[in-house]
Amino acid sequence: MHQASIAHLKKNVGPFEKTDTKSSLWQLVNTLVPLVLLWYAAYASLSVSYWLTLPLTIVAGGFVVRTFIIFHDCCHQSFFKSRLANDILGNITGVMTLCPYEQWKNSHSIHHATSSNLDKRGVGDIWILTVDEYVAAPLWRRIAYRIYRNPLSMFVVGPVYVFLLQYRFNRKGARRKERINTYVTNLAIIALYALLIWVIGWQAFVLVQGPVFFVSGLLGIWMFYVQHQFEESYFENEDQWSYVKAAVEGSSYYKLPKLLQWITGNIGFHHVHHLSPKVPNYNLEKAHEATPELQKVTTLTIGTSLQSLRFHLWDEKRKNFVGFKDIKPLLRKPAAASQVKSPSPSLQGK
């Protein structure tokens with residue numbers, strides 16, 4: 001991508017980086033109020049039939065995803081003009097979505113700064129091995145990677161591991177502010193859940209919050225996964241890596257039906273978000289529509305996005321994702337003399 005094209009992209013997106021307080025406040029109202037009402041309705045429906053409760057919890061899970069997008073914008077300081085307002089709301093929505101604000105903000109910043117950089121994997125991203133790394137890896141690492149990449153591990157075990165376990169602990173080398181924030185968030189979550197259990201009982205709490213948590217966690221991980229794991233994505237080593245190319249070629253436009261686009265806070269316009277994280281979620285579509293170059297990025301639908309489940313390894317020679325079946329002939333050859341060290345797995349950062 002030429003320097004002129006990069007400058008043009010940034011110029012086009014610039015006007016959409018402005019936060020509109022009225023839009024932000026309205027989004028708070030149309031997200032948090034329905035979420036609370038749906039949660040209460042799901043609880044009230046328990047006395048009628050659990051078959052009535054489940055659909056309500058599924059919809060409530062969608063609104064938790066929408067709440068997470070608000071949290072996500074606060075982490076980028078793009079939801080309100082005031083840093084303090086973003087920090088306060090980010091911490092509140094972080095408790096609601098089980099995400100410690102400072103920890104997630106810092107790891108997600110690293111994700112944006114290193115997305116699609118093969119030399120800087122391992123923080124705030126999904127575990128990705130190249131074909132050469134996988135072929136050179138010992139058997140135990142291949143098995144671990146296959147288990148990690150299995151859809152059951154990724155989307156069933158994944159939400160439980162990430163949101164209930166991984167986010168409860170500080171990462172190695174975390175600063176004092178981040179560590180304290182994680183502890184405070186954990187205490188706030190315990191207090192909130194204890195209050196709800198005291199009011200409605202543990203059985204009712206589990207029957208309602210269980211599916212709400214699972215649906216929102218599954219959707220969150222799926223959205224993050226599909227936005228970077230498509231066949232002709234973009235990955236390069238540090239010396240060839242480009243931030244703008246990583247944004248417009250390494251992030252997809254997930255074209256969802258309007259209702260799902262709304263419930264997921266327009267995060268399907270992920271290429272716009274990676275190009276400029278300062279664009280609030282309610283301006284992402286506008287920026288996309290106003291910039292012809294951004295409309296040419298890889299576009300996925302619900303149907304085509306399902307194909308990403310068969311992409312497991314990045315092929316540095318062909319510059320695309322391949323599946324385990326595609327490299328079977330390579331595994332029959334003698335193992336590489338030297339072993340390639342790969343980054344540690346992580347599912348963090350929607």
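Me: Which residues does L313 touch, not counting residues up to four places away in sequence?
Reply: Happy to walk through this predicted model with you. Setting aside neighbours up to four places away in sequence, L313 reaches L129, T130, V131, Y134 and Y145, among others.

Me: Which residues have the most contacts inside the largest nonpolar core?
Reply: That core has 60 residues. Helix 10 gives the most to it, with eleven residues. Those with the most contacts inside the core are F79, F163 and L313.

Me: How many residues does the other core have, the one that lies apart?
Reply: Good one to look up in the viewer. Among its members are F16, V244, L284 and L294. This separate core has 15 residues.

Me: Where does helix 8 bend?
Reply: Helix 8 covers residues 151-165, and its bend is about 55 degrees. A proline, P159, follows the bend within four residues. The bend is at G158.

Me: Which helices do the buried residues of helix 8 pack against?
Reply: Start with the residues themselves: M154, F155, G158, P159, V162 and F163 are buried in helix 8. An α-helix has 3.6 residues a turn, so residues three or four places apart point the same way. The partners of the buried residues in helix 8 are helix 7 (139-149) and helix 10.

Me: What is the volume of the largest cavity?
Reply: Rolling a probe the size of a water molecule over the atoms shows where empty space is left. The count comes to four cavities of 30 Å³ or more. For the largest cavity, the volume is about 150 Å³.

Me: How many residues of the lining of the largest cavity are charged?
Reply: The lining has 16 residues, with S115, S116, D125, I128 and F235 nearest the centre of the cavity. Helix 5 (101-114) and helix 10 (202-226) are the elements that give two or more residues to this lining. By type, the lining divides into five nonpolar and nine polar residues, and the charged ones number two.

Me: How many residues of the lining of the largest pocket are nonpolar?
Reply: The largest pocket holds about 550 Å³ of space, and L35, W39, L192, L196 and Q209 lie nearest its centre among 24 lining residues. Helix 2 (21-45), helix 3 (50-75), helix 4 (83-96), helix 9 (176-200) and helix 10 each supply at least two residues of the lining. Five of the lining residues are polar and one is charged, while the nonpolar ones number 18.

Conventions:
Residues numbered from 1 in each chain as written. Predicted model: local features only at pLDDT ≥ 70, side-chain atom pairs only at ≥ 80, totals over all residues. Heavy atoms only, no water. 1 Å grid on protein atoms, 1.4 Å probe; cavity = no way out; pocket = protein on both sides within 12 Å on 5 of 7 lines; lining within 4 Å. Points joined across faces, edges and corners; volume = space filled by probe spheres on them. Nonpolar A, V, L, I, M, F, W, Y, C, P; charged D, E, K, R; others polar. Core = buried A, V, L, I, M, F, W, Y, C linked by side-chain atoms within 4.5 Å. Buried < 20%, exposed > 50% of the residue type's maximum accessible area, 1.4 Å probe, protein only. Contact = heavy atoms within 4.5 Å. Bend = angle between axes of the 7 residues up to and from the residue.
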